[in-house]
Amino acid sequence: MSAPSIIVNTARLSPLSVGMASLVQNGTDDLQQIELIQLQQNAHVFNVLADSLPSAGSVITHPQVGTSEKPDIQRVKLDPAPYDGTFDLTYDDTTYPSVPFDITGRALQALLGANYVVTRKESHAWELRSTDNRMIDPATVEVTNLVVPKGVRGTLGLNTMAIWLLFASSTEKIKTLTLEVQLVAPGEDPQTAFQAPVETSRNVINLATLHAATTLGLQSAYTALFGGIAATWTTAITGLTGGGAALDAVPTVSLALGARYDFTLNGAIRSFVLVAGAADPTDPTGQVAPLDYNAGSNNKHWQEEL
């Protein structure tokens, strides 16, 4: 696909950000598709020092107090999560200034010395374990030099129009892509806030809920995707049989074999292709006989693409 699969709606983010979507990597048999969303942040919202926040800048827990029989274990977590800066860590009566916000467990252990084992639990959380059996006073953190995103709250709306187009050109029922969300502060490189593989099923994308403008965009992209094939995305079909707005009422005399209709029915995407022969009367949902069927002059029926 040449266009991004994701359309971003940031109207429910406060303060409002500008969302930009791009397709980083097309999906193939060997490569997972990568979709990138960047949220361009307001200069007055970002670059706020953590000490101006009303909440604490760190959380210290003490899951195991050291005794003569077991080591001391403490966990240090920066909260809210920073994306830049340094902090001062005081641990076991020693202060370590200007610790990088994303220091690795190995680097922090080298800083503390051989009497401790450090494991990074998250990008901004570490576990400190003593190598001898004794109690260590709770660690403290000064966070005045940490930079955190402040005030970005709400719901990021994603429109999966072209992701559905991938299903339209494939027989797969489930597709996996990598979704990454980045925060971009003014004058800063993008910072990844979320990245994970996302599985999407063709049965859970309800195109009936799309905005009218999006549906028009879908139809244009859909037509371009299938090129010369008579492929139609429509919201007018509301059933399979019974005439009126049903699929069997679509005139097929002038349609060539291979013509395709896609629509939503009861919240699920249904895809039917015109094939030769009479419909099987024992399969009324997977095969639909057109009302203008004629064994001699119009011997074809609708076959569902699964």
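This is a predicted model: local features need pLDDT of at least 70, side-chain atom pairs count only at pLDDT 80 or more; totals for chains, interfaces and linings use all residues.

Residues are numbered from 1 along each chain as its sequence is written, and side-chain values use heavy atoms, with hydrogens and water left out.

**Sheet.** I traced an open antiparallel sheet of four strands, ordered β6-β7-β11-β10. Strands here are DSSP runs (E, at least two residues), helices likewise (H or I, at least four), numbered from the N terminus; two strands pair if DSSP finds at least two bridges between them. β6 (58-64) and β10 (116-122) are the edges, each with a single partner strand, so one side of each lacks a neighbour in the sheet.

I then followed β10 to β11 (residues 125-130): they pair antiparallel over six bridges. Glu122 has Ala125 of β11 as its bridge partner.

**Rings.** I found three aromatic pairs, counting rings of Phe, Tyr and Trp (its six-membered ring) with centres within 6.5 Å; planes under 30 degrees apart are stacked, over 60 edge-to-face, the rest tilted. Phe87 and Trp126 have ring centres 5.7 Å apart and planes at 35°, so I noted the pair as tilted. Phe87 sits in β8 (residues 84-91) and Trp126 in β11, 39 residues apart. Both Phe87 and Trp126 are buried (under 20% relative accessible area; exposed is over 50%, partly exposed in between, with a 1.4 Å probe and protein chains only).

Tyr261 and Trp302 came next: centres 5.4 Å apart, planes at 75°, so edge-to-face. Tyr261 is buried at 16% relative accessibility, and Trp302 is buried at 0%.
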